[in-house]
Amino acid sequence: MSLFDAYSICEVGKDASGIAGNIFAFGLFVSPIPTFRRIIRNGSTEMFSGLPYIYSLLNCLICLWYGTPLISHDNLLVTTVNSIGAAFQLVYILLFLIYAEKPKKVRMFGLLLAVFGIFVIILYGSLKITDTSMRRMIVGLLSCASLISMFASPLFIIKLVIRTKSVEFMPFYLSLSTFLMSVSFFLYGLLSDDVFIYVPNGIGTVLGLIQLVLYFYYKSSSSDDSREPLIVSYG
């Protein structure tokens, strides 16, 4: 096999992994829909928190920026998945603002402005760095830290499952989508030789696998699965 053939196979594998990651990520993006159906039906956000959608929006914006040609080369599929993710999170936040009580509404609006403010600072600050390698490293570290914090968010659910010996609050398809998306972008990062992609998604793969193992181990202890996902995480 020639060097050119090996390179072509890697490129095909990279694109296939990225496309698969986009598809599996879509499963994560639509997972809060049952929650918002309930919110719209009841005309109230009840005890639901809007913070996961705020964190997810910031994560998508940072990773979207990292995937653009101004920061890293040939990462279009990172840009597309995070653009779609940011759009979904923004819709969820707007719905939350519509149906939340006034104190929650004011707090959420303030957090939304803070997210856009932080993103503008990151965008402007990184563009002021003339060294493209340094710019990529700084934005890459920010996106990596953001992704790791998102993938770590299910840890309290894992702890709850172990303590209660029940998977009632850990929806199977949400855990499966997280695992498959993480695996896909882990492979994408490896084939791209991009440490800022394969490290956080490698961690996400391990955590996703732990969730699936726990699900099947404790499945018999649960009466049925929760219909309202408690967490939203993606990469």
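1. Asp-74 is found in the loop between α3 and α4, where helices are DSSP runs of H or I with at least four residues, numbered from the N terminus. Although Asp-74 is not a glycine, its phi is positive, at about 60°.

2. The model is predicted, so local features need pLDDT of at least 70 and side-chain atom pairs pLDDT 80 or more, while totals for chains, interfaces and linings use all residues. Residues are numbered from 1 along each chain as its sequence is written, and side-chain values use heavy atoms, without hydrogens or water.

3. Asp-193 lies in the loop between α8 (172-192) and α9. Asp-193 is not a glycine either, yet its phi is positive, at about 55°. Asp-193 counts as exposed because its relative accessibility is 62% (exposed means over 50%, with a 1.4 Å probe and protein chains only).

4. Two cavities of 30 Å³ or more are present in the structure (a cavity is a set of points, on a 1 Å grid over the protein atoms alone, where a 1.4 Å probe fits but cannot get out). The largest cavity holds about 100 Å³ of space, a volume being the space filled by probe spheres set on the points.

5. Which residues lie nearest the centre of the largest cavity? They are Cys-63, Val-78, Asn-82, Leu-147 and Ile-197, among 12 lining residues (those with an atom within 4 Å of a point). At least two lining residues come from each of α3 (51-67), α4 (76-99), α6 (132-152) and α9 (195-218).

6. By class, eight residues of this lining are nonpolar, four are polar and none is charged (Asp, Glu, Lys and Arg count as charged; Ala, Val, Leu, Ile, Met, Phe, Trp, Tyr, Cys and Pro as nonpolar; the others as polar).

How values were computed:
On a 1 Å grid over the protein atoms alone, a cavity is a set of points where a 1.4 Å probe fits but cannot get out, and a pocket is an open set with protein on both sides within 12 Å along at least five of seven lines; lining residues have an atom within 4 Å of a point. Buried means under 20% relative accessible area, exposed over 50%, partly exposed in between (1.4 Å probe, protein chains only).
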